[in-house]
Amino acid sequence: MGDILCEIITSSDITSLWKVTKDQVEICNSCEFRYACPDNRIPIFDSKSNQYYHLTPCKYDPKTKKWNA
Ligand code: SF4
C-alpha cells in the first residue's frame, strides 16, 4: 500500500505542477493578486506559447480590475 501511495505522489503527473507559479499562467501573470491568490484550478500547459492557461475564467479580470459576479 505504501509503495502504491509513494508511486502516486511522486508521479510526474502530480509533481510537474508543483513548481508552476501564477507568473507562468496567462492572464494571472498580469494580476496584482498573483503572489497571494488562493485559486486552485489546475493549469494546462500550451506548448505553442510555452505558457499555462486555465480552461475556466477567473472571476477577477486584471485588465479591468473588476470582479465579475
Ligand atoms: S485572482 Fe484570478 S486572475 Fe488573479 S492570479 Fe488569481 S486566478 Fe489569476
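Guide: What follows is a chat about the terms used for this chain and the values behind them.

Guide: This is a predicted model, where local features need pLDDT of at least 70, side-chain atom pairs count only at pLDDT 80 or more, and totals for chains, interfaces and linings use all residues. Residues are numbered from 1 along each chain as its sequence is written.

Visitor: How many helices and strands are in the chain?

Guide: Two helices and four strands. Helices are DSSP runs of H or I with at least four residues, strands are runs of E with at least two, and both are numbered from the N terminus. Read from the N terminus, the order is α-α-β-β-β-β.

Visitor: Why is the chain called more spread out than a compact globule?

Guide: The radius of gyration is taken over C-alpha atoms, and the globule rule is 2.2 Å times the number of residues to the power 0.38. For 69 residues that rule gives 11 Å, and the chain comes out at 15 Å, well over it, so it is more spread out than a compact globule. Along the principal axes, the C-alpha atoms fill a box of roughly 50 × 30 × 20 Å.

Visitor: What share of the residues is buried?

Guide: Buried residues are 4% of the 69 in the chain. The label goes by C-beta atoms placed from the backbone: 20 or more others within 10 Å is buried, 12 or fewer is exposed, and in between is partly exposed.

Visitor: What makes Lys 65 exposed or buried?

Guide: Lys 65 has 9 C-beta neighbours inside 10 Å, so it counts as exposed. Its place is the loop between β3 (60–61) and β4 (66–67). Phi of Lys 65 is near 60 degrees, a positive value in a residue other than glycine.

Visitor: What is Pro 43 in contact with, leaving aside its neighbours within four places in sequence?

Guide: Val 20, Val 25, Tyr 52, Tyr 53 and His 54. A contact here means that the C-beta atoms of two residues, placed from the backbone, lie within 7 Å. Pro 43 and Gln 24 are 19 residues apart in sequence and 9.5 Å apart in space, C-alpha to C-alpha.

Visitor: Which residues does Glu 26 touch, not counting those up to four places away in sequence?

Guide: Gln 51, Tyr 52 and Tyr 53. Glu 26 is in the loop between α2 (12–15) and β1 (44–46), and with 14 C-beta neighbours inside 10 Å it counts as partly exposed.

Visitor: Which residues surround the ligand?

Guide: Lys 22, Ile 27, Cys 28, Cys 31, Phe 33, Arg 34, Cys 37, Asp 39, Cys 58, Tyr 60 and Pro 62. To be near a molecule or strand, a residue needs its C-beta atom, placed from the backbone, within 6 Å of it.

Visitor: What makes up that shell by class?

Guide: Eight nonpolar, no polar and three charged residues. Ala, Val, Leu, Ile, Met, Phe, Trp, Tyr, Cys and Pro count as nonpolar, Asp, Glu, Lys and Arg as charged, and the others, Gly among them, as polar.

Visitor: Where is Cys 58 found?

Guide: In the loop between β2 (51–53) and β3. Leaving aside neighbours within four places in sequence, Cys 58 is in contact with Ile 27 and Asp 39.
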